[in-house]
Amino acid sequence: MWQNSFNNCGPVAAFCGRYPLFVAALVAAFGVVAADHGVAAGVIPGPLLALAAWRLRGWRVALAWLLCGWLAAGLFIWRDAAGKSAERDLLASAAGEMQARVLADAKAGGKSWSVPAVLLSGRHAGAKVWWEGRGKLPVAGSLVKSQGNFGPLLPPRNPGEFDRAAWLRSQGVTAVFHAGWVNGSVVTGRWAEFGAKLRHGFRTAVTTGLAEDSQEATVIRAVVIGEPPPDAEELVAAFRNSGTLHAFSVSGLHVAMVGSIGWLVLRLAGIPRRWAALALLPLIFGYSWLTGNSSPAVRSAWMAAVFLGAFTARRRPDLLNALGAVLLAVLLWDGRLIFQPGVQLSYGVVAAIAFGADWATRPFEWLARLPLYVPRPLLTRWQIVWLGVRQNVAQSLGVSVVAGIASSPLTAYHFGLITPVSVLAGVFFVPLVFILLSLSLLAAALFPLMPPAAPWLNRANFFVAKACIQTAEKFSAIPGGHLSWKGDSRPFLLVYDLDHGAGAACFYDGKSAAVLFDCADRFSFSRRVAPSLRRLGIAPDAVVLSHPDGGHLGGGAPVWAAFPIRQVILPVERSRSPAFRSWLDAAPLAGIKTVQAADFRELPLPDGAHLEILHVPRPDTQNASADDRVAIYRLHWRGWKLLLTSDAGVGTESDLLAAHTDVAADVIIAGRHRRVLSLGDAFLAAVHPQVIVASHSESPASERLQPETVAYWRSRGIQVIHQGESGGVTIEIDDSGSLRLQGFADHSVKVLHRP
């Protein structure tokens, strides 16, 4: 019976024999994934797969599979243990002076900068850290030295938030070195400085002659260099929703295009295929280096090297074996990379194209057929050109279908978004990117030789970039073209935990409707709140603002650029805040209805809830601080009352009590006034809450929730959720009607039962 089961495995054995490197990489991947669950688990796949290999291909293949599986698992376990040991030791070490070598060009953020670096001093010289410094901006290869201390890689604090700590660990980073409070020294060697000049020159060359802040220049830099567009949420949203955002990071698509451009030039120059393949390698690796050696670009460059090496060795190139060779090397070098979404997408999509491109192209074969009854030798020149165009379109459609199908599960899982329109968008978008990249490379090549020619080419590229933007906008606007993957169908109120006193919350009905209560500051909205909502599959269409403070307004325009906002509730009529004036003046121009809170007593909300407006700041307080101009709202939801006091202080609380306003509530969701106390005794007595959800931030000091305050609230019989400990708080109503409050960071749960 055992033998018979394997007698039917002829196709499997043939596949293993035809693609040995790809199968070996899969075996190594199984070993790494198993080892992630422990040493014992990592040992198991090797012998099992080796037994199968012995029956399929003999003992030599079995031994090779066993070695691949065990070696990949063993190296993964060893590196993981070494990283955890280094992390423990670094976090236990005292503050002091450290020296490191920078691995990339640092990214500036205000007065500070951050960059991955390798330590050159101390017990753990050679450990990789995330260096946060201040002063002169270092470039790749620079030596940095500064006083500072090590901190942990902080996990996400809110549901749906990007796990930056896990991403950094997958890059081999063990800790954060905080040196941002003092200017350190930066020493840049001759070669590092030369490299920085080349990269800066390349960046300048591809957009010289264009306005630096124009959308078209932004798109060119994003596509050619992989430079993230700053403060361009509306632009990014169009590319994201059309499924073409992958063009904004230098990846396999870009490397393949650069290789294709170089191949065409070399072939037109009459260079033999074998030598052309060799000449392409410096071009491909040089482009990867100029654009920052991003992980996808480096992987694609090595894959191209293996693929082109077959031409040089006079062997038929094979995409799956080239993919397998590079993947196997990656897994042996650092198996942690397999857990990165980008790695899974890039290798998964290439494998899918290798397997399914021919199958997916069959429905489009009619596009590539010869004219009826006309042999190819009798075709005119224009008929040959038209046939070539149709063949390329058919192939592009097939590849787009396979790539779309293969990437959908991963993009839905990792990013909460499905873009079926990307299959069709890619047919139009990829040729535009090819033209844009070709013109940019030509401009960069001519810039040092013929400086006037580069601006002329870039001005032509301006229209190509504009066509890219319009293509993304048109396809993103197609109904049903992009769908959010909803992770939870239960209604909830999510109170975000943010830095520096920023505030935001979202009320969601579990289906499609959602309302934002404040939008955080501009940075936190773009980097934390908006990505979290997209990952959760939530697209708010209304905003309720509590007061004209920059930490609660989301910057204005970035909010309606990110989501289909149709209405906003404003707490005051006027304010000096630029972000508030954006809501007041620019929002109506974007088609958003603005409503003054003073004009309403109650407003309907999703899931049968309603919002009661208890207090609106007086018009004569226009010159008061933002925290003294807070509107107070009470959310009525299935018999429960939740009071949203934001950053109100005792002055606002006194106004409510003096007006004999009913403020009773089961839960208070509170921020902190910058200068005076919040939640005074008289106010707490009037509200009589069971739970207080209190925000906390270490900086500035006025945003810290003091231990004595928490102790006092608890002495009054009030349960306290300290957001410095709990992180974001999700509030739900369970099937029994009880109110359930759960902290994301500490997994704490508090349940309020109906009286």
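Is Trp-131 buried or exposed at 1% relative accessibility? Trp-131 is buried, because its value falls under the 20% cut-off. The model is predicted.

**Aromatic pairs**

There are 16 aromatic pairs in the count. In one of them, Trp-131 and Phe-177 have ring centres 4.4 Å apart and planes at 50°, so this pair is tilted. Trp-131 sits in strand E4 (residues 128-134) and Phe-177 in strand E6 (residues 173-178), so the contact ties together parts 46 residues apart in sequence.

Phe-525 and Phe-563 also pair, this time edge-to-face. Phe-525 belongs to helix H19 (residues 522-535), while Phe-563 lies in the loop between helix H20 (557-562) and strand E14 (567-570); the pair therefore ties together parts 38 residues apart in sequence.

| Pair | Centre to centre | Angle between planes | Class |
|---|---|---|---|
| Trp-131 and Phe-177 | 4.4 Å | 50° | tilted |
| Phe-525 and Phe-563 | 6.2 Å | 85° | edge-to-face |

Phe-177 is buried at 0% relative accessibility. Phe-525 is buried at 0%, and Phe-563 is buried at 5%. Elsewhere, ring pairs join Phe-15, Tyr-19, Phe-22 and Phe-355 into a cluster.

**The sheet**

Seven strands form an open sheet in the order E16-E17-E18-E19-E20-E21-E22, with mixed pairing. Strands E16 (602-604) and E22 (719-722) are the edges, each pairing on one side only. The average twist from one strand to the next is 20°.

Strands E20 (residues 667-670) and E21 (residues 691-694) run parallel, joined by 4 bridges. Val-667 stands opposite Val-691 of E21.

Helix H22 (residues 650-658) packs on the sheet and touches E17 and E18; its direction makes about 95° with that of E17. Helix H24 (residues 707-715) packs on the sheet too, touching E21 and E22, at about 155° to the direction of E22.

How values were computed. Residues numbered from 1 in each chain as written. Predicted model: local features only at pLDDT ≥ 70, side-chain atom pairs only at ≥ 80, totals over all residues. Heavy atoms only, no water. Pairing = 2+ DSSP bridges. Helix = DSSP H or I, 4+ residues; strand = E, 2+ residues; numbered from the N terminus. Axes fitted to C-alpha atoms, helices over the stretch in contact; angles between N-to-C directions. Contact = heavy atoms within 4.5 Å. Phe/Tyr/Trp six-rings, centres within 6.5 Å; stacked < 30°, edge-to-face > 60°. Buried < 20%, exposed > 50% of the residue type's maximum accessible area, 1.4 Å probe, protein only.
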